[in-house]
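Good morning, and thank you for coming. Please look at the structure on the screen while I describe it.

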Amino acid sequence: MHKILFVCLGNICRSPMAEFVMKKMVKDAGVERQFEIASAATSTEEWGNPVYPPARRKLAEHGIRCDGKTARQMSRADYDYYDLIIAMDHSNLRGIQRIIGADSQNKVSLLMDHTDHPHDVADPWYTGNFDATWEDVTAGCAALLHELCRTA
Ligand code: 4NP
């Protein structure tokens with residue numbers, strides 16, 4: 001079982017996109033029973049809010065639904081529970097560190113560090129570019145799935 005928590009600043013754009021893209025990828029690969037996948041925020045800014053409409057529309061364009069997802073903040077208990085904590089950008093790493101302290105169990109990584117082209121996933125909340133986020137998130141999740149299936 002791989003338990004994965006995707007993390008971003010607000011948990012209404014990037015990390016829920018990653019959550020629902022990854023859920024679709026593991027389902028399509030027929031390995032969904034080997035995965036538990038969720039997402040959370042480093043901040044409390046959007047707590048309780050649904051996925052931001054442009055992010056929801058981008059997922060829907062690709063036949064992916066995210067009904068019922070609402071933002072929540074990551075906790076110390078999440079760090080203990082999940083095997084992999086996958087952040088979208090370097091500032092998320094600092095936010096995670098504020099919540100959990102040191103990454104003593106070596107669980108935290110950046111999504112795009114799992115690809116051949118490491119970089120921060122730009123925040124579409126500020127850029128307005130949900131296509132770029134979609135490209136990064138799908139590339140990152142595909143690379144992560146490949147890595148996990150190889151080591152399973
Ligand atoms: P996300 O985008 O971290 O990709 O969910 C953001 C959404 C909301 C805010 C910041 C980033 N905010 O400050 O409310």
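I will speak about the ligand and its surroundings, and then about salt bridges. Please keep in mind that this is a predicted model.

Let us begin with the place of the ligand. The ligand is found in the largest pocket.

A polar backbone atom of G10 is 2.8 Å from an oxygen atom of the ligand. In the case of R14, an N or O atom of the side chain is 2.8 Å from a ligand oxygen. D123 also takes part through its side chain, with a polar atom 3.0 Å from an oxygen of the ligand. As for exposure, the ligand taken alone exposes 360 Å², and the protein buries 94% of that.

I turn now to charged pairs within the protein. Side chains of opposite charge can pair when their charged atoms come close. How many salt bridges does the structure hold? There are 9 salt bridges. One of them joins E19 and K23, and their closest N and O atoms are 2.6 Å apart. Both residues belong to helix α1, residues 14-28, where E19 and K23 are 4 residues apart, about one turn of the helix.

Notes:
Residues numbered from 1 in each chain as written. Predicted model: local features only at pLDDT ≥ 70, side-chain atom pairs only at ≥ 80, totals over all residues. Heavy atoms only, no water. Polar contact = N/O pair within 3.5 Å; in protein donor to acceptor, adjacent residues only side chain to side chain. Areas by Shrake-Rupley, 256 points an atom, 1.4 Å probe, with all protein chains shown as cover. 1 Å grid on protein atoms, 1.4 Å probe; cavity = no way out; pocket = protein on both sides within 12 Å on 5 of 7 lines; lining within 4 Å. Sits in = over half its atoms within 2 Å of the grid points. Salt bridge = Lys/Arg side-chain N within 4 Å of Asp/Glu carboxyl O. Helix = DSSP H or I, 4+ residues; strand = E, 2+ residues; numbered from the N terminus.
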